[in-house]
Amino acid sequence: QGLGDIFVVRVAGNALDVGTTASLQYAVKHLKLKVLVVLGHELCGAVKAVQLPLQQLSKEPYDLSQALQAIKSGLDESRLAQLRDNRALDREAV
């Protein structure tokens, strides 16, 4: 690895799972990475999708449905229900 090389891990919904954690551990242990930068973004499509009812998420392909349901389990839906502005709702959900 040379100066300025970047090791990128992308994940849907800004959700930390086993694959993501393992990728970061690999970079630290085997590539001797010294600095981790974690970035998210607003208006995430996966986070927007998990705001749909569970029965709608279950219509997605199995693995996608499981990932979306896992992300949904991390949302504080009672708090999000108090927000009226859609952009604020999306920003808070991320």
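These notes go through the predicted model from the overall fold down to single residues.

1. Fold. The protein chain has six helices and zero strands. Read along the sequence, its pattern is therefore α-α-α-α-α-α.

2. Overall dimensions. The radius of gyration of the protein chain is 16 Å, whereas the globule rule gives 12 Å for 94 residues. The value is well over that of the rule, so the chain is more spread out than a compact globule. Along the principal axes, the C-alpha trace spans about 45 × 30 × 15 Å.

3. Burial and surface. Of the 94 residues in the protein chain, 19% count as buried. The chain exposes about 7,300 Å², and 55% of this area is supplied by carbon and sulfur atoms.

4. Contacts along the chain. Taking the contacts in the protein chain with a separation of 6 or more, 44% are between residues 24 or more positions apart.

5. Charges. The protein chain carries 11 positive and 10 negative charges.

6. Helix 6. This helix covers residues 86-93, and its buried residues are Ala88, Leu89, Asp90 and Ala93. An acidic residue, Asp90, is thus among the buried ones. Against which helices do the buried residues of helix 6 pack? They pack against helix 2 (45-49) and helix 5 (77-80).

7. Ser65. This residue is found in helix 4, which runs over residues 62-73. Is Ser65 buried or exposed? Its relative accessible area is 4%, and because the cut-off for buried is under 20%, Ser65 counts as buried. Leaving aside neighbours within four places in sequence, Ser65 is in contact with Leu57, Ser58 and Glu60.

8. Aromatic pair. The structure holds one aromatic pair. The rings of Phe7 and Tyr26 have their centres 6.2 Å apart and their planes at 40°. Planes under 30 degrees apart would count as stacked and over 60 as edge-to-face, so this pair is tilted. The pair links distant parts of the chain: Phe7 lies in the segment before helix 1 (18-29) and Tyr26 in helix 1, 19 residues apart.

9. Phe7 has a relative accessible area of 35%, and Tyr26 has a relative accessibility of 41%. Buried means under 20% and exposed over 50%, so Phe7 is partly exposed and Tyr26 counts as partly exposed as well.

Note on methods
Residues are numbered from 1 along each chain as its sequence is written. This is a predicted model: local features need pLDDT of at least 70, side-chain atom pairs count only at pLDDT 80 or more; totals for chains, interfaces and linings use all residues. Side-chain values use heavy atoms; hydrogens and water are left out. Rings of Phe, Tyr and Trp (its six-membered ring) pair if their centres lie within 6.5 Å; planes under 30 degrees apart count as stacked, over 60 as edge-to-face and the rest as tilted. Helices (H or I, at least four residues) and strands (E, at least two) are DSSP runs, numbered from the N terminus. Buried means under 20% relative accessible area, exposed over 50%, partly exposed in between (1.4 Å probe, protein chains only). The radius of gyration is taken over C-alpha atoms; the globule rule is 2.2 Å times the number of residues to the power 0.38. Contact means heavy atoms within 4.5 Å. Accessible areas come from the Shrake-Rupley method with a 1.4 Å probe; for residues, only the protein chains shown count as cover. The place of a charge is taken as NZ of Lys, CZ of Arg, CG of Asp or CD of Glu.
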